[in-house]
Amino acid sequence: MVIDQHIGAGFLRIRLRLEKVERQVQAVAPPSLVQFVMRAALAVPFWKSGILKWAGLFKLSDTAVALFTDEFMLHLPGGPYHFPVPTVMAFLSGCGEVMFPMLLVLGFGTRFTALGLLFMTLIVELTVPDGWPIHLTWAAMAFGIMAWGPGRISVDHWLKRGAIGPRER
């Protein structure tokens, strides 16, 4: 009986220490910071790809058009198939890859922006099917942002707080 109490007290001490360490670890990763970092992490690869598609303001680079015309293929059943209207696809891709990351980092229209990047991730996966490990990571981040929102470090949060009057809070 005394041994059982001693063991029980030992487990209690271990549990309390673990809970203390867990709280310290959680303090390093507050939800708003995690949400901001996740938004930035998802934005980076799309931004980097997007800026390479432009040769000037609203002027696509020749490389972007050539990629959508000759290189990029949609890997669908019975395919692969060339992209329809490659110049339009390059333009839309370039616009999305520049605008969505900017909006995402700012946290403006965040859930809809994450949905747009999720859709783009699907298109990228259909174009480069062997890249699924990284595409899965992008999809997971987009889903996380869509589920939990932008957090406090965002324009969406500030707009929402400003839209709610002092009595409504």
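Reading contacts and surface in a predicted chain

User: How many salt bridges does the count come to, and by what rule?

Analyst: The count comes to two salt bridges, where a salt bridge is a side-chain nitrogen of Lys or Arg within 4 Å of a carboxyl oxygen of Asp or Glu. Residues are numbered from 1 along each chain as its sequence is written, and side-chain values use heavy atoms, with hydrogens and water left out.

User: Which residues does glutamate 97 tie together with its salt bridge partner, and where do they lie?

Analyst: Glutamate 97 forms a salt bridge with lysine 53, with the closest N and O atoms 2.7 Å apart. Glutamate 97 lies in helix α4 and lysine 53 in the loop between α2 and β1, so the pair ties together parts that are 44 residues apart in sequence; helices (H or I, at least four residues) and strands (E, at least two) are DSSP runs numbered from the N terminus.

User: Are glutamate 97 and lysine 53 buried or exposed?

Analyst: Buried means under 20% relative accessible area, exposed over 50%, and partly exposed in between, with a 1.4 Å probe and protein chains only. Glutamate 97 counts as buried at 6% relative accessibility, and lysine 53 is buried with a relative accessible area of 9%.

User: What is the separation in the salt bridge of glutamate 19 and arginine 15?

Analyst: In this salt bridge the closest N and O atoms are 3.2 Å apart, and because glutamate 19 and arginine 15 are four residues apart in helix α1 (residues 2–28), they are separated by about one helical turn. Glutamate 19 counts as partly exposed at 31% relative accessibility, as does arginine 15 at 46%.

User: How many aromatic pairs does the structure hold?

Analyst: A pair of aromatic rings is described by the distance of the centres and the angle of the planes. Rings of Phe, Tyr and Trp (its six-membered ring) pair if their centres lie within 6.5 Å, and planes under 30 degrees apart count as stacked, over 60 as edge-to-face and the rest as tilted. The structure holds four aromatic pairs. One of them, formed by phenylalanine 46 and tryptophan 138, is tilted, at 5.0 Å centre to centre and 55 degrees between the planes. Phenylalanine 46 lies in helix α2 (residues 31–51) and tryptophan 138 in helix α6 (residues 132–148), so the pair ties together parts that are 92 residues apart in sequence; phenylalanine 46 and tryptophan 138 are both buried.

User: Why is the pair of tryptophan 54 and phenylalanine 91 given its class?

Analyst: The ring centres of tryptophan 54 and phenylalanine 91 are 5.6 Å apart and their planes stand at 80 degrees, so the pair is edge-to-face. This pair links distant parts of the chain, with tryptophan 54 in strand β1 (residues 54–56) and phenylalanine 91 in helix α4, 37 residues apart. Tryptophan 54 counts as buried at 19% relative accessibility, whereas phenylalanine 91 is partly exposed, at 31%.

User: Which residues form the nonpolar patch on the surface?

Analyst: The patch is formed by Leu57, Phe58, Val85, Val88, Phe91 and Leu92, with about 650 Å² of accessible area together. Patches are made of residues with over 30% relative accessible area and no salt bridge, like charges being joined within 9 Å and nonpolar side chains (Val, Leu, Ile, Met, Phe, Trp, Tyr) within 5 Å; accessible areas come from the Shrake-Rupley method with a 1.4 Å probe, and for residues only the protein chains shown count as cover.

Definitions and conventions. This is a predicted model: local features need pLDDT of at least 70, side-chain atom pairs count only at pLDDT 80 or more; totals for chains, interfaces and linings use all residues.
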